[in-house]
Amino acid sequence: MMNKIKTLVAAFLLISFASFAQTSDQPLKIGYTNVEYILLQMPESKQIESELKTHSTQLESQLKNKYAEYETKLQAYEKSAATMDKVVRDDKEKELMNMNNSIQEFQRSAQASLQQKEKSLVDPVIAKIDKAIKDVAKENGYTYVISNQALLAGPEDGDISPIVLKKLGVDPAKAQQTPEPAAAKPAAATPTAKKKNK
């Protein structure tokens, strides 16, 4: 989940990290924050992880069933291929090839399904964080808010993450320093169907 969230956060930072126009009578005030860190502190983060894990487990189970069926038919074919009539053997080989193709197609669609599920769960939370960051920046007079991942040096009081967390109803004092949730295992990580021997 971490790598996918990083990708989504990077896209978010490039597209929607707002800068606030500087007026001539307002001094330049720059704040920084970490959207990924904020996301992982939110209660929704655990729900997202749980739903992704459930979805991934369901996909993995379906894939294992398909693979087990393929293996059973492959073994039956290998045992009796030598005594089969050519027409029957060709038919069985075609069936095995179609099953193998079906497994590979399922792996691709399962991965896409998992990514789509993650996007549908994470995007609304990212939008909520975006709004909170913009509200905090406006309320506290920040001209710009940047990602701390792009920050090489800066004062500690420039970090608006605790204020954003408060705005989102999360107690910054209870926030984890380096949260690392277990990643949902992608369904495509299971073994691919092996090629049959002719």
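## A buried glutamate in a predicted model

The structure is a predicted model, in which local features need pLDDT of at least 70 and side-chain atom pairs count only at pLDDT 80 or more, whereas totals for chains, interfaces and linings use all residues. Residues are numbered from 1 along each chain as its sequence is written, and side-chain values use heavy atoms, with hydrogens and water left out.

## Overall organisation

The protein chain contains 5 helices and 2 strands. Read from the N terminus, the order of elements is α-β-α-α-α-β-α. Of the 198 residues in the protein chain, 38% are buried.

## Salt bridges within helices

Side chains of opposite charge can pair when their charged atoms come close. The whole structure holds 10 salt bridges, each defined as a side-chain nitrogen of Lys or Arg within 4 Å of a carboxyl oxygen of Asp or Glu. One of them joins the side chains of Glu60 and Lys64, with an N to O distance of 3.8 Å. Both residues belong to helix H3 (residues 43-80), where they stand 4 residues apart, about one turn of the helix.

Helix H4 (residues 86-139) contains Lys119 and Asp123, which are separated by about one helical turn because they are 4 residues apart. The closest N and O atoms of the salt bridge between Lys119 and Asp123 are 2.5 Å apart. Lys119 is partly exposed at a relative accessible area of 39%, and Asp123 is partly exposed at 29%. Lys131 and Asp135 form a salt bridge as well, at 2.8 Å from N to O. Lys131 and Asp135 are 4 residues apart in helix H4, so about one helical turn separates them. With 52% relative accessibility, Lys131 counts as exposed, while Asp135, at 22%, counts as partly exposed.

## Packing of H3 against H4

Two packed helices are described by the angle between their axes and the distance between the axes. For H3 and H4, the angle is about 180° and the axes lie 10 Å apart. H3 is therefore roughly antiparallel to H4, a term for angles over 145 degrees; those under 35 count as roughly parallel, 65 to 115 as roughly perpendicular and the rest as oblique. The axes are lines fitted to C-alpha atoms, for helices over the stretch in contact, and angles run from 0 to 180 degrees between N-to-C directions.

The contact of H3 with H4 has 17 nonpolar, 7 polar and 12 charged residues. In this classification, Ala, Val, Leu, Ile, Met, Phe, Trp, Tyr, Cys and Pro are nonpolar, Asp, Glu, Lys and Arg are charged, and the others, Gly among them, are polar.

## Surface features

Leu28, Ile30, Tyr144 and Ile146 make a nonpolar surface patch of about 330 Å². Patch residues have over 30% relative accessible area and no salt bridge, with nonpolar side chains (Val, Leu, Ile, Met, Phe, Trp, Tyr) joined within 5 Å and like charges within 9 Å. Accessible areas come from the Shrake-Rupley method with a 1.4 Å probe; for residues, only the protein chains shown count as cover. Ile30 is located in strand E1 (residues 30-33) and is partly exposed at 44% relative accessibility.

Gly169 lies in the segment after helix H5 (161-167) and is exposed, with a relative accessible area of 66%. The C-alpha atoms of Gly169 and Pro43 are 9.6 Å apart, although 126 residues separate the two along the chain.

Terms used. Buried < 20%, exposed > 50% of the residue type's maximum accessible area, 1.4 Å probe, protein only.
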